[in-house]
Amino acid sequence: MSKRSHHHLTERGCIACEDLTEFGAGKEGWLAPDAGTTVLCALDVHSLAIANRSVVLILGWSDSDEPRVKIRPELSPIEAERITAIEWLVFDDIKVIAIGTSRGFLLMYSLRGDLIHRQMVYHGQIIKLRVRGTKKDLMQDISSEDVCVVMPGVIARFDGSDIRSMLQRWFQETHSRFWDEKSNKDSEDNGNFDDRLPYQIWNVNKYGSCVDAAITGIMPPPLMELQSSQRYYCAVTIGDDAVISAFRLSEDRKRSLVGVILSKVMPVTFSTIASFSKMIWRSEPTPTSKPEEKLQSFARASSLTCLKDYPRKGEKLTLSPSGTLAAITDSLGRILLLDTQALVVVRIWKGYRDANCFFMEMLVNRDDKCASSSYHVPGKSDYCLCLAIHAPRKGIIEVWQMRTGPRLLAIQCAKGCRLLQPTYRFGSLSDSPYVPLEVFLLNGDSGQLSVLNRFLN
């Protein structure tokens, strides 16, 4: 039988401060996902980033004395550019905030607010920044860590090792300049624009524009290409036309028809238009401006499956740590649990409109473990994978055991709450004490941040 109690929440800190007024704090339900002004949030172990259309606020939730930092990216007012996605990038000794914009730019800032990197991914709005990774173990013989950039009909992948190398170089150069006798005024640093990060990009628009997507992991090559040395990835997309679509993503760009069109036809078209413009406006001087970044051509994306069920529309997607399960919410108030390897829906919940989901880990059989040993430090095998579902219309958070287990918890929550989860940490040591996947609850009205307890009593 499930339990309904507030004792399954442990307070960890508070974010209440005057700086939050700029983001709507003080108004009832300002933090709710369905609020009029969408507020973006990204959680880390000790920090929280909150953003609106033009400002990112970084504050510490575990230490009230920690200085707060406001970042105001240089956005294009002519094209009404705005912030559309934020996420932490956390390595062993480096932590930065990544920002996606409505024009397709990926920005990275230090905790002091210094611009580290600016790069265009593709023309269009960045919907989501996903950070995930799988470590090499007995079940997974290949490790993979990446940052996934989701745009309407487009998905891009940046390798975690490339980002780490770029950040290490930037911080080393910054440290060297700090101790240099030269004044910083002599050479301004406006971010690392020349050091362009390599990445792969795919067009996944076959079944309509997607509203969310994720690369679930590495998958086997097609039967005719078993000897191929390149990697293949599986991607799951959701959208208005197709609730669920799945693609096999190849690193190969040579056989991508769309890539050929972009790399061959588009430059000629733009060159012709530019020449024609010069003929008409010959009298006007050519302004000296920075040339537009050359867009990367698409790699090959092969369709695997598609689920169309009009008028149902996919809304949100969340992945399990291994990427083998995905929880998908739709416009009919249902939550679909998808096996991303078999590409089969294995469970459905109904009656959860506007729901938000995160996977978490709990010690379901904690009493049995404690009884067998006087001192037992829980390891990864002791935890059970669960799904936390926040149903704002019901004012409740439920925790269900995966894949077909019962409901373990039902916790009442206030209207202006939001579920959050700390971002994946790159390169975490496998031999260090295991840190289970946790889910936090942020109360927008009180500013209180609590964690859902990982054990049942």
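Where does A80 lie? A80 lies in the loop between β6 (69-71) and β7 (83-90), where strands (E, at least two residues) are DSSP runs, numbered from the N terminus. Welcome to a predicted model, in which local features need pLDDT of at least 70 and side-chain atom pairs count only at pLDDT 80 or more, while totals for chains, interfaces and linings use all residues. Residues are numbered from 1 along each chain as its sequence is written, and side-chain values use heavy atoms, with hydrogens and water left out.

**Backbone: positive phi**

- Most residues other than glycine have a negative phi, and most peptide bonds are trans.
- A80 has a positive phi, near 50 degrees.
- With a relative accessible area of 44%, A80 is partly exposed; buried means under 20% relative accessible area, exposed over 50%, and partly exposed in between (1.4 Å probe, protein chains only).
- L343 has a positive phi as well, near 55 degrees, and is found in the loop between β21 (335-339) and β22.
- L343 counts as partly exposed, at 24% relative accessibility.

**Backbone: cis peptide bonds**

- The peptide bond from Y310 to P311 is cis, with omega near 5 degrees.
- P311 sits in the loop between β18 (301-307) and β19.
- From M402 to R403 the peptide bond is also cis, with omega near -5 degrees.
- R403 has its place in the loop between β25 (396-401) and β26 (407-412).

**A four-stranded sheet**

- An open sheet is formed by four strands in the order β19-β20-β21-β22, with antiparallel pairing; two strands pair if DSSP finds at least two bridges between them.
- Its edge strands, β19 (314-319) and β22 (344-349), each pair on one side only.
- From one strand to the next, the twist averages 25 degrees; axes are lines fitted to C-alpha atoms, and angles run from 0 to 180 degrees between N-to-C directions.
- Strands β19 and β20 (residues 325-330) run antiparallel and are joined by five bridges.
- K316 stands opposite T329 in β20.

**Cysteines**

- How many disulfides does a search of the whole structure find? The search finds zero, a disulfide being a pair of cysteine sulfur atoms within 2.5 Å.
- C14 is in no disulfide, and its nearest cysteine sulfur, that of C17, is 8.8 Å away.
- C14 counts as partly exposed, at 36% relative accessibility.
- The sulfur of C384 has its closest cysteine sulfur in C386, 4.5 Å away, which is too far for a bond.
- C384 counts as buried, at 17% relative accessibility.
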